[in-house]
Amino acid sequence: MKEIKFNELYMSASKDGEMYFLELYIASGHMEYEVKVELEKIDFEILEKDAERAVFVHAALHHPFQSGSSALTKEKQREYLDIILHASKPEVEKFLTEKDHGSANGAVSNMVRITKQRDQSIMRQGKWFIENGR
């Protein structure tokens with residue numbers, strides 16, 4: 001078993017045999033619970049190498065899962081992973097900005113602000129990657 005811990009994110013990625021998982025620890029009001037998301041090998045490898053995209057995955061998934069551990073279907077989870085981990089930086093920024101300006105109402109950028117001390121106003125302008133504004 002191999003595990004990547006993202007302590008400041010309360011998230012970990014693990015490989016157990018041929019299975020890969022992302023585990024997020026969600027706090028919602030007085031409740032705390034764990035959500036397990038299936039990963040592909042390439043997702044695991046990107047999470048291991050790209051800490052910035054890992055932060056974005058955590059922030060983007062955390063908000064909908066605060067509504068409950070079944071808040072995102074497996075198809076939606078896969079969509080989030082495919083875009084955030086595999087799409088071009090402009091596509092990732094567009095996706096995160098749409099989520100942040102939509103029902104999240106700033107919660108996605110706020111999570112990145114909290115966990116990585118980033119300037120939220122820059123992310124709210126659509127500039128999420130460090131080289132795009134910080």
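Leaving aside its neighbours within four places in sequence, with which residues is Thr97 in contact? The legends below take up this residue and several other close-up views.

The model is predicted, so local features need pLDDT of at least 70 and side-chain atom pairs count only at pLDDT 80 or more, while totals for chains, interfaces and linings use all residues. Residues are numbered from 1 along each chain as its sequence is written, and side-chain values use heavy atoms, with hydrogens and water left out.

**View 1. Thr97 in helix H4.** Helices (H or I, at least four residues) and strands (E, at least two) are DSSP runs, numbered from the N terminus. Thr97 is in contact (heavy atoms within 4.5 Å) with Met123, Gly126 and Trp128, once its neighbours within four places in sequence are left aside. With a relative accessible area of 14%, Thr97 is buried; the classes are buried under 20% relative accessible area, exposed over 50% and partly exposed in between, for a 1.4 Å probe and protein chains only. The side chain of Thr97 also reaches the backbone oxygen of Glu93 at 2.7 Å.

**View 2. The packing of helices H2 and H4.** Two packed helices are described by the angle between their axes and the distance between the axes. Helix H2 (residues 51–65) packs against helix H4 (residues 89–101) at an angle of about 25°, and their axes are 12 Å apart; axes are lines fitted to C-alpha atoms, for helices over the stretch in contact, and angles run from 0 to 180 degrees between N-to-C directions. H2 and H4 are therefore roughly parallel to each other, where angles under 35 degrees count as roughly parallel, over 145 as roughly antiparallel, 65 to 115 as roughly perpendicular and the rest as oblique. The crossing in which H2 passes H4 is left-handed, a crossing being left-handed if the near helix is turned anticlockwise from the far one by less than a right angle, and right-handed if clockwise. Arg53, Phe56 and Ala60 of H2 make the contact with Lys89, Val92 and Leu96 of H4. By class, the contact of H2 with H4 has four nonpolar, no polar and two charged residues, with Ala, Val, Leu, Ile, Met, Phe, Trp, Tyr, Cys and Pro counted as nonpolar, Asp, Glu, Lys and Arg as charged, and the others, Gly among them, as polar.

**View 3. The packing of helices H3 and H4.** Helix H3 (residues 74–86) meets H4 at an angle of about 135°, with 8 Å between their axes, and the two helices H3 and H4 are therefore oblique to each other. On the side of H3 the contact is made by Glu79, Tyr80, Ile83 and Ile84, and on the side of H4 by Glu91, Val92, Phe95, Leu96 and Lys99. Six of the residues in the contact of H3 with H4 are nonpolar, none is polar and three are charged.

**View 4. Ile84 in helix H3.** Ile84 has a relative accessible area of 1% and is buried. Apart from its neighbours within four places in sequence, Ile84 is in contact with Arg53, Phe56, Val57, Ala60, Val92, Phe95 and Leu96. The C-alpha atoms of Ile84 and Leu61 are separated by 10 Å, and these two residues are 23 residues apart along the chain.

**View 5. The packing of helices H2 and H5.** H2 and H5 pack at an angle of about 130° with their axes 8 Å apart, which makes H2 oblique to H5. H2 passes H5 in a right-handed crossing. From H2, the residues Val55, Phe56, His58, Ala59, Ala60, His62 and His63 meet Ala107, Val108, Met111, Val112, Thr115 and Lys116 in H5. The contact of H2 with H5 comprises, by class, eight nonpolar, four polar and one charged residues.

**View 6. Asp43 in helix H1 (residues 41–49).** Asp43 is buried, at a relative accessible area of 0%. Residues up to four places away in sequence not being counted, Asp43 touches Arg78, Leu81, Leu85 and His86.

**View 7. Asn105 in the loop between H4 and helix H5 (107–116).** Most residues other than glycine have a negative phi. Asn105, although not a glycine, has a positive phi of about 50°, and Asn105 is exposed, with a relative accessible area of 66%.

Terms used: Polar contact = N/O pair within 3.5 Å; in protein donor to acceptor, adjacent residues only side chain to side chain.
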